[in-house]
Amino acid sequence: ATQSVAGRVPLQLQIILWTLIEQKRLKGEELDVLQVFELSLYRGNGQSLQQVIHRQETPPFVEVHYFELAEIYVGKVWAIDRGEYATMRLPSNY
């Protein structure tokens, strides 16, 4: 993760995002180099949840997940996997 991600995105959420990518990889699903996460606050049934919209362009997919976390982060995070290494970064730092 870049310093901006490490300083702004809660570590628990970073781990969740990496886990979502790894779960797809373990299922043998094709992953694009760029994984996009749109993160927001979701309120429902008296709860505040972290909403994670996970998407990629090729092959296209969109998945929505909800997590009960102590800290909610609002914004976008990119995970870029170049094969030899992967980096999690904020789009504003690209």
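**Figure 1. Val77 and its contacts in the predicted model.** In this predicted model, Val77 is shown together with the residues it touches once neighbours within four places in sequence are left aside, namely Val9, Leu17, Gln35, Val36, Phe37, Leu39, Met88, Arg89, Leu90 and Pro91. Val77 also belongs to the largest nonpolar core, which has 16 residues, and it is listed with Leu13, Leu17, Phe37 and Leu39 as the members that touch the most other members. The elements that give two or more residues to this core are α2, β1 and β4, and the largest share, five residues, comes from α2. As a general background to this view, nonpolar side chains tend to be buried together in soluble globular proteins.

**Figure 2. The five-stranded sheet.** The strands form an open sheet in the order β3-β2-β1-β4-β5, and their pairing is antiparallel. Because β3 (61-67) and β5 (86-89) each have a single partner strand, they stand at the edges, and one side of each is left without a neighbour in the sheet. On average, and with direction ignored, neighbouring strands of this sheet are turned by 20 degrees against each other. At one end of the strand order, β4 (residues 75-81) pairs with β5 in the antiparallel sense over four bridges, and here Asp81 can be found opposite Ala86 in β5.

**Figure 3. Helix α2 on the sheet.** Helix α2, which covers residues 11-26, packs on the sheet and touches β1 (34-44), β2 (47-56), β3, β4 and β5. The direction of this helix makes about 40 degrees with that of β2.

Figure 4. When residues up to four places away in sequence are not counted, Lys24 touches Glu29, Leu31, His54, Phe61 and Glu63.

Figure 5. In the loop between β1 and β2 lies Asn45, whose phi is near 55 degrees, a positive value in a residue other than glycine. Asn45 has a relative accessibility of 82%, and since the cut-off for an exposed residue is over 50%, Asn45 counts as exposed. The loop between β2 and β3 holds Pro59, and the peptide bond that leads from Thr58 to Pro59 is cis, with omega near -15 degrees.

**Figure 6. The protein as a whole, for orientation.** The protein contains two helices and five strands, which follow the pattern α-α-β-β-β-β-β when read along the sequence. Taken along the principal axes, the C-alpha atoms fill a box of roughly 40 × 30 × 20 Å. A compact globule with 94 residues would have a radius of gyration near 12 Å, and the value of 13 Å for this protein agrees with that. Of the 94 residues, 38% are buried, while the protein exposes about 5,900 Å², of which carbon and sulfur atoms supply 49%. Among contacts between residues at least 6 apart in sequence, 50% join residues that are at least 24 apart.

Key. Residues numbered from 1 in each chain as written. Predicted model: local features only at pLDDT ≥ 70, side-chain atom pairs only at ≥ 80, totals over all residues. Heavy atoms only, no water. Pairing = 2+ DSSP bridges. Axes fitted to C-alpha atoms, helices over the stretch in contact; angles between N-to-C directions. Contact = heavy atoms within 4.5 Å. Core = buried A, V, L, I, M, F, W, Y, C linked by side-chain atoms within 4.5 Å. Buried < 20%, exposed > 50% of the residue type's maximum accessible area, 1.4 Å probe, protein only. Rg over C-alpha atoms; globule rule 2.2 N^0.38 Å. Areas by Shrake-Rupley, 256 points an atom, 1.4 Å probe, with all protein chains shown as cover.
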